[in-house]
Amino acid sequence: MDDVAIVGVGQSAFTRKSGVSIRELCFDAFKEAMTGLDLTNKDIDASITCSAPEYDKQRTPSGLISEYLELTPSPAFYIESVCSSSTTGLRVAYSLIKSGLHRVVAVIGFQKMSELSSRDSAERMGRGADIMWEAPFGISMPSGYAMFAQAHMAQFGTTVEQLARVRVKNASYGAKNPKATYRKEVTLEEVLTSAPVATPLKMFDACANADGASCIIVASADVAKKVSKIPIWIAGLGAATDTMSMSGRKSLTSLSCAKDAAAQAYKMAGVKPQDIDVAEVHDCFTISEILAYEDLGFAKPGEGARLVDEKQTYVDGKIPVNVDGGLLSKGHPVGATGGSQMRTIVRQLRGEATEAQVKNAEIGLVHNIGGVGQYGNVVILRR
Ligand SMILES: CC(C)(COP(=O)(O)OP(=O)(O)OC[C@H]1O[C@@H](n2cnc3c(N)ncnc32)[C@H](O)[C@@H]1OP(=O)(O)O)[C@@H](O)C(=O)NCCC(=O)NCCS
């Protein structure tokens, strides 16, 4: 049903050290999202700001961002689900528009991580796991995903070379993305010899912390048709939550929150995995992209790594994935990431992704995960 559309998308550059405040990062993203739209700030009748807390001293950043972007007096909401915050924001925006309460909603995601060292950041992110029984004993994002990698290797024989090929692919596209943190191709050898982080994951198997913001302008059908030349319709939405504790998980070779969210989104959109022309998946680590191939139904369980071996997830393959460089190249300013993924898919469906355009892309998918597989959001978009 064509009733809620994305009409504008924007992103600041993602960098290791922006040197600017969160309001300026958000302004960059907002400005790009509004470019070419027949809309003014006053037409935006609600805004949703999304980020992970505890990175910035600013409390309730929604009010600050609303003032800086001149969105007052419209209501300003704040949403967080760690790394999936901005796709959770999109879900709320969709609901606000479907309910008839609002007609145009701006979803603004941001994170400024450069004020903390990667070590401090890992501790903060570890607090996204159970802080009584697990985080103090070493569960952090890298160690949690390393457990998934170990389990996948033990159960299916996946190799470190196969993991490394995900970074090689994504770096080849990151090199073409002017807004990515790392704009350089890498070799298999460079990935395999990079510094160990949590066995078997090495530095190049990981995304890097970054500063950045994203913005998505969502509108009801009547507004969308008036203000945008090519509205991109929200065809399917899925969301699910798995146990906070890793010990509560039924599987370590799959994220059930992603599988459940994907099933809901496919059903709502009336499409199957083979109908997806282009996808953005949450490759916070190389293993995460392989789990995503399987959880989304692009490959059977245990066979995900073969897709990248056979180059099926390159731009001219069967199912192109992360052809903007993914989190691995772009960097991962956690609250901004989902919005950046949606920007990529919207640009693909509008035929504007000159750096790595998938031919005749009509249906795209975004897979965005929060925590160590706790929160899963899947969004299906249609031209
Ligand atoms: C991989 C990781 C542990 C490296 O941390 P570190 O060893 O403390 O490294 P630093 O942040 O001090 O950076 C040192 C250098 O390595 C580079 N670097 C850091 N992480 C990198 C990565 N993932 N890929 C490539 N280069 C990276 C930095 O750019 C920096 O280079 P420079 O000296 O040329 O500026 C850290 O990036 C990390 O924790 N990543 C995962 C983030 C995460 O878990 N996010 C949430 C996922 S859901």
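Which residue just after α2 takes a positive phi? Glu70 does, at about 55°. The close-ups below come from a predicted model, in which local features need pLDDT of at least 70, side-chain atom pairs count only at pLDDT 80 or more, and totals for chains, interfaces and linings use all residues. Residues are numbered from 1 along each chain as its sequence is written, and side-chain values use heavy atoms, with hydrogens and water left out.

**View 1. Helix α2 and its cover.** Helix α2 spans residues 61-68. Helices (H or I, at least four residues) and strands (E, at least two) are DSSP runs, numbered from the N terminus. The buried residues of α2 are Pro61, Ser62, Leu64, Ile65 and Ser66. Buried means under 20% relative accessible area, exposed over 50%, and partly exposed in between (1.4 Å probe, protein chains only). The cover over these residues includes α1 (22-34) and strands β2 (46-50), β3 (76-79) and β4 (104-112). Contact here means heavy atoms within 4.5 Å.

**View 2. A nonpolar patch on the surface.** Met132, Trp133 and Phe137 form this patch. Together they have about 440 Å² of accessible area, computed by the Shrake-Rupley method with a 1.4 Å probe, where for residues only the protein chains shown count as cover. Patch residues have over 30% relative accessible area and no salt bridge; like charges are joined within 9 Å, nonpolar side chains (Val, Leu, Ile, Met, Phe, Trp, Tyr) within 5 Å. Trp133 sits in the loop between α4 (118-126) and α5 (141-156). Trp133 counts as exposed because its relative accessibility is 58%.

**View 3. The salt bridge of Glu32 and Arg343.** A salt bridge is a side-chain nitrogen of Lys or Arg within 4 Å of a carboxyl oxygen of Asp or Glu. The side chains of Glu32 and Arg343 meet in one, at 3.0 Å from N to O. Glu32 lies in helix α1 and Arg343 in helix α13 (residues 334-349), so the pair ties together parts that are 311 residues apart in sequence. Glu32 is partly exposed, at 25% relative accessibility. Arg343 is buried, at 7%. Lys179 joins Glu32 and Arg343 in a network of salt bridges. The whole structure has 16 salt bridges.

View 4. Lys330 forms a salt bridge with Glu280, with the closest N and O atoms 3.7 Å apart. This pair links distant parts of the chain: Lys330 is in helix α12 (residues 326-330), Glu280 is in strand β9 (residues 278-280), and 50 residues separate them. Lys330 also meets Asp324 in a salt bridge, at 2.8 Å from N to O. Lys330 and Glu280 are both buried, and Asp324 is buried too.

View 5. On a 1 Å grid over the protein atoms alone, a cavity is a set of points where a 1.4 Å probe fits but cannot get out, and a pocket is an open set with protein on both sides within 12 Å along at least five of seven lines; lining residues have an atom within 4 Å of a point. The largest pocket has a volume of about 560 Å³. Of its 25 lining residues, Ser118, Ala206, Cys207, Ala208 and Asn209 are the closest to its centre. Helix α4 gives the most to this lining, with four residues. The count comes to one cavity of 30 Å³ or more. Residues lining the largest cavity include Met125, Gly126, Ile139 and Val372.

Terms used:
Points joined across faces, edges and corners; volume = space filled by probe spheres on them.
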